[in-house]
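Let's walk through this one together, starting with a pair of helices and then moving on to a strand and its partners.

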Amino acid sequence: MRHFPPRRIVCLTEETVETLYLLGEQDRIVGVSGYAVRPPQVRREKPRVSAFVSADIPKILALEPDLVLAFSDLQAGIVADLVRAGVDVHVFNQRDVAGILTMIRTLGALVGAAEGAEHLVQDLERRLAAIAATPRPAPRPRVYFEEWDDPLISGIGWVSELIEIAGGIDVFPELRSRQAAKDRIVSTETVRDAAPDVILASWCGKKVVPARIRQREGWSEIPAVRNDRMVEIKSPIILQPGPAALTDGLDAILSALWGERP
């Protein structure tokens with residue numbers, strides 16, 4: 001980087017945007033993903049330079065960033081173009097709760113705000129521990145999280161962990177460690193046989209339609225469908241591996257499982 005801490009940062013996903021705002025380091029951000037919505041003012045304060053797997057490279061270069069923050073192999077093409085152009089890039093790859101907390105610590109160190117990042121992480125850890133330790137009535141509800149509807153894709157690592165922290169049982173825990181969505185595809189028969197008590201759905205930004213879930217063959221007797229316990233959780237608060245998932249996302253799961261409100 002030309003400067004430390006970096007003075008001009010471009011964030012290609014929204015969890016780093018939210019984290020920088022929480023650390024009070026938002027003035028360093030000069031460009032963001034079009035999906036960045038947390039906090040709400042980011043939409044009017046910061047120029048948009050990317051989608052998720054595509055980006056306006058000339059626009060990013062025109063911003064003269066000291067550092068670009070990216071996420072996972074899904075943005076490898078964007079990263080390659082930026083590296084060839086001589087831009088410093090840090091790529092995060094967090095897929096579970098521990099990884100999210102490490103991302104916060106790492107980002108804090110990158111911007112010279114390690115102490116603030118550690119305080120934020122400790123606050124989140126205390127909150128997660130308190131929720132996990134809260135007594136819940138038995139039996140614990142069996143939960144199917146649907147990340148996409150065609151094909152059916154079950155929840156990624158951090159989502160599965162948050163279901164358990166909230167007091168539920170993920171019906172497909174063996175899939176949580178599979179990073180690629182294609183490796184978490186499940187059949188309608190498998191979900192039917194798992195007989196979840198609750199279905200949580202977040203279709204990657206597409207509106208969830210419970211009627212479509214009810215119409216799936218053989219699903220009418222699934223407890224979650226029969227008892228109308230199908231709940232949409234908005235993508236920005238659950239499918240981004242950052243503070244949102246550990247706060248509002250977890251609160252939404254608690255509400256769906258136990259009727260609890262933050």
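How are H1 and H5 oriented to each other? Helix H1 (residues 14-22) and helix H5 (residues 97-110) pack at an angle of about 60°, with axes 10 Å apart, so the two are oblique to each other. Oblique here is what remains once under 35 degrees is called roughly parallel, over 145 roughly antiparallel and 65 to 115 roughly perpendicular. The crossing of H1 and H5 is right-handed. Glu-15, Thr-16, Thr-19 and Leu-20 of H1 make the contact with Met-103, Ile-104 and Leu-107 of H5 (contact means heavy atoms within 4.5 Å). By type, the residues of this contact come out as four nonpolar, two polar and one charged.

A quick word on the ground rules. This is a predicted model, where local features need pLDDT of at least 70 and side-chain atom pairs count only at pLDDT 80 or more, while totals for chains, interfaces and linings use all residues. Residues are numbered from 1 along each chain as its sequence is written, and side-chain values use heavy atoms, with hydrogens and water left out.

Now look at strand E4 (residues 67-71). Five of its five residues are buried, so E4 is largely enclosed by the rest of the structure (buried means under 20% relative accessible area, with a 1.4 Å probe and protein chains only). Leu-67, Leu-69 and Phe-71 sit on one side and Val-68 and Ala-70 on the other, so both faces are covered.

E4 has neighbours to pair with, too (pairing takes at least two DSSP bridges). Strand E1 (residues 9-11) runs parallel to E4 over three bridges, and Val-10 stands opposite Val-68. Strand E5 (residues 89-92) is also parallel to E4, joined by four bridges, with Phe-71 opposite Phe-92.

Terms used: Axes fitted to C-alpha atoms, helices over the stretch in contact; angles between N-to-C directions. Left-handed = near helix turned anticlockwise from the far one by under 90°. Nonpolar A, V, L, I, M, F, W, Y, C, P; charged D, E, K, R; others polar. Buried < 20%, exposed > 50% of the residue type's maximum accessible area, 1.4 Å probe, protein only.
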